[in-house]
Amino acid sequence: MANKEAIAYIGTYTKVESEGIYRLHIDKKTGEITQNKLAGKMDNPTYLKLTDDQKHLYSVAKDGDKGGVAAFAIKEDGSLEHLNQEVQAGNPPCYVDASKDGAYVVSANYHLGTIVAYPTEKNGALKAPSSSVQHIGTGPNTERQEKAHAHFAGFTPDEKFVITCDLGTDYVTTYALNDGILDKVSDLKVAGGSGPRNLVFHPNDKIAYIMTEMAADVVVAAYDEATGALTEIQSIASLPADFSGENKGSAIHISNDGRFLYVSNRGQDAVVTFAIDAEGKLSLAATTPVEGVGPRDFDLDPSGEILLVSNENTNNVTVFGVNKETGALTLLQKDIHVPEPVCVKFINE
């Protein structure tokens, strides 16, 4: 069963039709959706994180004029049991991650410019925040960078640190998480006005790839596991030089074997494939239209055989087959209705 099907949770906006978090079963050979149903109700669960043991799911949460993170237990049938949520006054965060042992959850809040750490109970429920960091600063883009806009907070592969991307200040900042307290240890300043949005590590744990929203460039950075510092070694465009339309870079993911990197662009409405060389540097390999508008996120299934794109503005997800030798994407299905899809997270096989 696991070899034939992949299973993904889809986080959404709930502004119009959506009721929360959806669960899709996908035939990996044909891309056909064999199950598509609501797994758990939640207001604007725009980003999700599954724990490594597949027992819990954490979601961005909105509760009236408050925002924070919600905890769910994953039941045997794949439905989600709401455990609890931790919310504070203000807009909800846009990103959430969990440590491998599930002991801590961290979030990034675009609107507030904050990074928050939450300890967890043994049953996966969230405790009150143990630490909150306020980012401060601006960037050269006066419209989008008028203040700090934290967009990503994730654990490093060795889990010694939490790395954050701030779209408003153009800084990628490393924190140590000591007994639940976030302590800044390092800063990487990327190109002014580029707007770092998201980050993924190479499987070798030595290289980080940073997707920028406003420039749509990918920054390649060496990671020092001793200090947590990142050092830029390359910056490469994901858009052609003659692209003149409006665009926002969005998601970034890497193949399990570390040979290919993928990013999505909203405006170009495509997934861009990069080949990765022995030093971790990138070269542009292909640009593939997503058959929808606004590819906010995508994900590769654990086998690396399919790639699922969430097209927010057209309420559809697109399924591509992945050639693991060349990185090439082949369209399998494009007219799969999911309301207001934002985040894609496959479960482990």
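**Reading a loop residue and a sheet**

User: Where does Thr 156 lie?
Analyst: Thr 156 sits in the loop between strand S12 (150-155) and strand S13 (161-166). Strands are DSSP runs of E, at least two residues, numbered from the N terminus. This is a predicted model: local features need pLDDT of at least 70, side-chain atom pairs count only at pLDDT 80 or more, and totals for chains, interfaces and linings use all residues. Residues are numbered from 1 along each chain as its sequence is written, and side-chain values use heavy atoms, with hydrogens and water left out.

User: Is Thr 156 buried or exposed?
Analyst: Buried means under 20% relative accessible area, exposed over 50%, partly exposed in between (1.4 Å probe, protein chains only). Thr 156 has 1% relative accessibility, so it counts as buried.

User: Which residues are in contact with Thr 156, leaving aside neighbours within four places in sequence?
Analyst: Contact means heavy atoms within 4.5 Å. Thr 156 is in contact with Phe 161, Ile 163, Phe 201 and Tyr 223.

User: Which side chain makes a polar contact with that of Thr 156?
Analyst: A polar contact is a pair of N or O atoms within 3.5 Å; within protein, one must be able to donate a hydrogen and the other to accept it, and residues adjacent in sequence count only if both atoms are side-chain atoms. The side chain of Asp 158 joins that of Thr 156 at 2.6 Å. A polar atom of the Thr 156 side chain also lies 3.4 Å from the backbone nitrogen of Lys 160.

User: What is the strand order in the open sheet of four strands?
Analyst: Strands pair if DSSP finds at least two bridges between them. The order is S8-S9-S10-S11, with antiparallel pairing. S8 (95-98) and S11 (131-134) are the edges; each has a single partner strand, so one side of each lacks a neighbour in the sheet.

User: How many bridges join S8 to S9?
Analyst: Four bridges link S8 to S9 (residues 104-109). Tyr 95 has Ala 108 as its bridge partner in S9.
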